[in-house]
Amino acid sequence: MKPPAALTSAPVPQRRGLSIRPGGVRLIAALLLLAAPLAVAAWGLGNYAAQRERNNADARLTDSLNSASRVYRRALSNVDVAAARLANDRQVQHKLLHGGRHVLVWRMQVDDAHPNGEVFSQPDPPPAAAAVRSVKVDFFSKAHTIGRVVVFLPLDRRFVEWLTRHGELSGHQQLALVRGGSLVGPARTLPIESGPIASGPKDIRAAGLGYRAVAMGLGSAADGIRLAALEPSSYIESKATSARWRAMGLGFAVIVALLALAYSVSPSIARTRVSKQERERAERVLAHVGDGVLHVDRDGVIRLWNPAAEAITGLRSDAICNHPAEEMIPGWPEIVTRVPVARRPGDADDAWTAETVPLEIQGREIWLSMVGVSLGDGIVYAFRDVTRDRRLEELRAQFVATISHELRTPLASLHGAAMTLLERQDELHEQTRRDLLDMIAVQSKRLAALTEEILLAGQLDSGSLRVVTKPFDPEELLWTAAAAARIRVGDDTTVDVSIPAVLPKVEGDAERARQVLANLVDNAIKYSPQGGRIVLGFEADGDYARFTVRDEGLGIPLGEQKRIFEKFYRLDPDHRRGIGGSGLGLYICRELVRSMNGRIWVDSDPGKGAAFTFELPVADRVTAPA
Ligand code: ADP
């Protein structure tokens with residue numbers, strides 16, 4: 001039933017709008033960090049450009065002043081020429097000689113009509129604001145001075161205007177004559193309100209306005225009047241400001257471009273970093289994965305061979321990587337045909353079940369369970385070592401065969417005896433009937449023992465077997481086992497006990513130890529078909545007691561001495577020697593001894609016999625728990 005609307009919780013609406021992820025925040029912070037020094041640099045660049053513009057203005061001002069000064073000097077030399085010409089003029093000389101005046105004055109006029117100057121006679125002495133040149137006039141025949149000719153160039157507004165026109169001025173530059181505390185310009189005279197104008201560029205104020213100005217003297221002829229070049233500070237500053245903004249604009253444009261570039265490339269840098277991290281992580285994972293991983297490229301060359309693959313096969317990565325798999329891995333062509341290759345990992349469409357393939361490496365056969373997944377440029381194979389499982393599987397199959405045989409023989413005997421007793425009971429001799437009943441007893445005991453063995457192995461496998469460890473007397477155990485064995489052996493076999501005078505107590509489960517000993521004695525009898533001497537031995541050092549069962553039977557080849565303790569393992573699985581067995585006895589012995597904190601091993605000379613020893617802790621050594 002649907003719950004009432006008021007009780008159902010409405011889904012929380014997702015907030016829409018701009019959301020900046022932590023990565024984005026980091027990126028913005030990084031961009032700002034990058035932008036801050038660039039902005040400072042752009043600001044510095046702007047100031048530099050402005051200062052450069054000011055320096056240029058100063059340089060231009062000095063150039064203009066020099067050019068105006070050259071024009072002035074030309075005009076002054078024209079004054080000299082005019083004075084010399086007048087001094088040599090006969091009429092002038094005559095006038096000086098007879099005119100009653102010793103000084104005759106001329107004014108030099110320079111304007112567009114007379115760019116080289118034109119002299120005009122002037123009755124008055126030269127004014128204060130003039131460049132004055134005077135030449136002595138000598139009366140040559142009498143060799144004495146008869147007077148002076150004076151030519152002057154008025155340094156007034158008209159002259160400044162002419163100079164301005166003939167000088168090479170740029171921008172908003174102006175020329176002026178510095179006379180006392182005033183600037184005489186072509187249009188008007190301005191009072192100087194700041195300090196004097198120097199020979200280097202300097203800021204001044206005149207008539208309420210700021211100027212950048214530089215001045216130079218006009219020589220002794222000008223009586224202290226100086227020529228100045230000036231430019232309004234506002235004009236220079238506006239040019240400096242626009243130069244600053246141009247440079248800063250350029251700088252900021254570069255910053256914006258850089259930031260945009262950084263912003264656009266940062267994801268790919270981040271991706272590169274992330275993919276590098278991912279690659280490293282993948283390599284670490286591959287190095288720690290338990291399965292062997294192998295990458296074979298399209299040309300069949302091994303490109304990757306992880307540490308697990310090295311451990312499983314014993315083939316080193318540096319020895320086989322970058323070499324053809326066919327040359328490096330024995331039987332590779334067959335493996336390739338057998339191992340399935342999926343299009344994707346876990347692809348359901350493919351028949352993607354691992355294939356178990358054998359590999360013989362340096363005389364050692366290993367079994368690998370292998371699958372492949374196709375990669376763009378080859379195939380990745382993953383494999384695990386199933387040699388143990390495979391061997392166990394083989395042993396299990398053997399066990400089934402063995403156990404069938406072990407069951408069939410007594411069952412056939414039992415069946416035969418029972419049928420004979422049933423059908424011919426009355427005809428049979430008393431002794432025969434007894435023999436048949438004995439046989440039934442023996443064979444059913446054999447079946448019971450076999451069943452017992454299978455059950456015990458199962459209990460040991462599942463860990464459900466209870467082992468009670470406490471001190472027990474080994475001597476009694478040995479004598480009992482020997483006595484039981486003597487009953488079973490024929491005349492060709494002797495069973496002896498070889499033990500020291502005093503035996504320490506042993507820590508373990510007496511019943512389980514008896515079982516182990518009985519099993520070893522059984523085997524000694526079973527695998528000594530020619531009979532011989534069987535010796536039950538015991539020895540102890542400080543910590544451990546060792547029980548030994550030695551026989552003079554078939555013995556065990558060196559290569560098999562470890563394997564006989566494996567579950568189901570038999571040297572003669574097909575019972576060719578006619579000696580029966582399930583392959584469980586020694587496995588049970590090993591597990592029982594282990595459960596009592598001991599160990600078991602065999603020493604054997606094939607053909608000469610075997611000595612099985614199991615070792616258990618000595619009881620006195622064991623400190624009682626508090
Ligand atoms: P089984 O029931 O076959 O005897 P075991 O686990 O007791 O199984 O022994 C495993 C194999 O070890 C035997 O099949 C036999 O080949 C070998 N073996 C065990 N004891 C001896 C021995 N005393 N001498 C020679 N071979 C032995």
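## Exercise 1: Backbone angles in loops

Phe568 is buried, with a relative accessible area of 7% (buried means under 20%, exposed over 50%, partly exposed in between, using a 1.4 Å probe and protein chains only). This is a predicted model, in which local features need pLDDT of at least 70, side-chain atom pairs count only at pLDDT 80 or more, and totals for chains, interfaces and linings use all residues. Residues are numbered from 1 along each chain as its sequence is written, and side-chain values use heavy atoms, leaving out hydrogens and water.

**Task.** Find the loop that holds Phe568, and describe its phi.

**Solution.** 
- Step 1: Phe568 sits in the loop between β21 and α13 (helices are DSSP runs of H or I with at least four residues, strands runs of E with at least two, numbered from the N terminus).
- Step 2: The phi of Phe568 is positive, about 70°, although the residue is not a glycine.
- Step 3: For background, most residues other than glycine have a negative phi.
- Step 4: Ala207, which is not a glycine either, has a positive phi near 50°. Ala207 belongs to the loop between β8 (202-206) and β9 (209-217), and its 34% relative accessibility makes it partly exposed.
- Step 5: Lys562 is also in the loop between β21 (544-550) and α13, and counts as exposed at 73%.

## Exercise 2: The ligand's surroundings

**Task.** Which residues come nearest to the ligand, and which backbone atoms face its oxygen atoms?

**Solution.** 
- Step 1: There are 18 residues around the ligand, and Asn523, Tyr527, Arg570, Ser582 and Leu586 come nearest (a residue is near if one of its heavy atoms lies within 4 Å).
- Step 2: Sort the shell by type to get 9 nonpolar, 6 polar and 3 charged residues. Here Ala, Val, Leu, Ile, Met, Phe, Trp, Tyr, Cys and Pro count as nonpolar, Asp, Glu, Lys and Arg as charged, and the others, Gly among them, as polar.
- Step 3: Both α12 (510-526) and α13 (585-595) supply at least two shell residues, and α12 gives the most, with 3.
- Step 4: A backbone N or O atom of Gly583 is 3.1 Å from a ligand oxygen.
- Step 5: On its own the ligand has 530 Å² of accessible area, of which the protein covers 98% (Shrake-Rupley method, 1.4 Å probe).

## Exercise 3: Aromatic pairs

**Task.** How are the rings of Trp332 and Tyr381 arranged?

**Solution.** 
- Step 1: The structure holds 7 aromatic pairs (ring centres of Phe, Tyr or Trp, the latter by its six-membered ring, within 6.5 Å; planes under 30 degrees apart are stacked, over 60 edge-to-face, the rest tilted).
- Step 2: Trp332 and Tyr381 have ring centres 5.2 Å apart and planes at 85°, so they are edge-to-face.
- Step 3: Trp332 in helix α8 (residues 332-338) and Tyr381 in strand β16 (residues 378-385) are 49 residues apart, so this pair links distant parts of the chain.
- Step 4: Trp332 is buried at 6%, and Tyr381 is buried at 2%.
- Step 5: Compare Phe547 and Phe614, a stacked pair with 4.8 Å between centres and 10° between planes.

Methods. A polar contact is a pair of N or O atoms within 3.5 Å; within protein, one must be able to donate a hydrogen and the other to accept it, and residues adjacent in sequence count only if both atoms are side-chain atoms.
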